[in-house]
Structures are given as C-alpha cells and as structure tokens.
Amino acid sequence: WGRGLFDDVSELYFRFLIPFVPALTASAAVAEEIENKTFTFVFARPAPRGALVIGKLWAATVPAIAVVVPSLAIAWVVAQLRFPADLAETWPHLLRVELAAVAGLCAYGALAAAIGTLFSRHPLVAVLVYLMLIEEGLGSAPIVLNLITVAWHLRNVAELPLPETSFMALTVPWWASALAAIAVTPGLVWLTCVGINGAEYRTDR
C-alpha cells in the first residue's frame, strides 16, 4: 500500500498505456486518408496540410489525457486508503506523475504521427517497432544512450526507478527531463508538418 502500490500502478501506465495508446490512435493520421482515397480532397482545401495532422493529433491526445489523468488520481487515492495520513506527504509525487503522464501522451502522440507520416503504408507497425526497440529496449538499457528516449525522461520526472548506467553515474534534474519531454511534442509536430507539406502520396495502393 501507499506510495509503493501507486508506483507499481504507475509502472503499468508508463510501460504500456502511455506509449502504446497514442501508437494506436495517432499513427494512422495520414495513412487513413490515403487508404480511403480521401487525402486528395483534404489536401486540396486552402488549409495547410499540417492542419490535418494537428487536428487528428489533438483528437487522439485530449481524450487519452482525459482518461489517464483522473485514473492516476483515483489510483493514488486508493493506494493511500490504508494510510490516509500520507496523502499530504505524497501529493507532490502525484503531481509529478501526472505531469509525466501528460507530457508522455503528447510526446508519444506526436512521435506516432511523425513516424506514421513517414511510413504511411504500415504506420502502426513502424511505430510499434520503434517503441519496442528504442523506447523499451534502449530506454531500459544500462547505457548513457538511454537519455535519447522519451521513456527515460518520463520515468525521471515521475520518480520511478531508472536503469543503472555502466561506468558512470548519471544524474539529470527532474525539471530538465520535464523540459526535454515537453519539447519533444512541438518539435515533432513541426517536423511532421514540414514533411507532409513536401510529400507526394500515391493512390494506387
């Protein structure tokens, strides 16, 4: 019970729900339009092509945040029921977990949209391969390179256990990880918009 139980629940969120839910909902932002042969009509409108990605990313991310944030809060309250006196001491930890969850859903949604736009034929497969190899594999490896993963920074913000690095101690302030995780979203959205504006898509699929 207490914080230990809440952290166990948070592990499930950060290992599975937060990375993989956006992969399912945001990876096919462009592929759906190509598969349905509707992208020619959508892209013919005066609105920028990037508006399609931003709109679909918004529609995929906001509902996920609306579900994950309150469910984490409920899990925190339930975990503290046996020791209600700990509520006052552990609420800052809850805020950091919630911040990491929101930043993670936005970052992974933007990542899924970017990879899905690049690999429009099999967007979900491409995103899942990236998540398994880079975020899960490299993010859990005891090497300094795990700093390039979103997963490592989210765990640092949420105060979850981090993999030990070989040969050197690795300490990054939680607020620096928060800034890094938050900066991923606008950066990837911008790259996706630039990429889709210059891309040519075929209908003979």
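**Chatting about the helix packing**

Colleague: Hi! Which residues does Leu72 touch?

Modeller: Leaving out residues up to four places away in sequence, Leu72 touches Phe6, Ser10, Tyr13, Leu94, Val97, Glu98 and Ala101; contact means heavy atoms within 4.5 Å. Bear in mind that this is a predicted model, where local features need pLDDT of at least 70, side-chain atom pairs count only at pLDDT 80 or more, and totals for chains, interfaces and linings use all residues. Residues are numbered from 1 along each chain as its sequence is written, and side-chain values use heavy atoms, with hydrogens and water left out.

Colleague: Thanks! How do the axes of α1 and α4 cross?

Modeller: The axes of α1 (residues 3–26) and α4 (residues 50–79) come within 11 Å and cross at roughly 170°. Axes are lines fitted to C-alpha atoms over the stretch in contact, with angles from 0 to 180 degrees between N-to-C directions. The two helices, α1 and α4, are therefore roughly antiparallel, the word for angles over 145 degrees. Helices here are DSSP runs (H or I, at least four residues), numbered from the N terminus.

Colleague: New topic: in the largest nonpolar core, which residues touch the most other members?

Modeller: Of its 42 residues, those are Phe6, Phe14, Ile18, Leu72, Tyr108 and Leu154. Such a core is a set of buried Ala, Val, Leu, Ile, Met, Phe, Trp, Tyr and Cys residues joined through side-chain atoms within 4.5 Å.

Colleague: And which element gives the largest share?

Modeller: That's α5, with 13 residues.

Note on methods. Parallel < 35°, antiparallel > 145°, perpendicular 65-115°, else oblique. Buried < 20%, exposed > 50% of the residue type's maximum accessible area, 1.4 Å probe, protein only.
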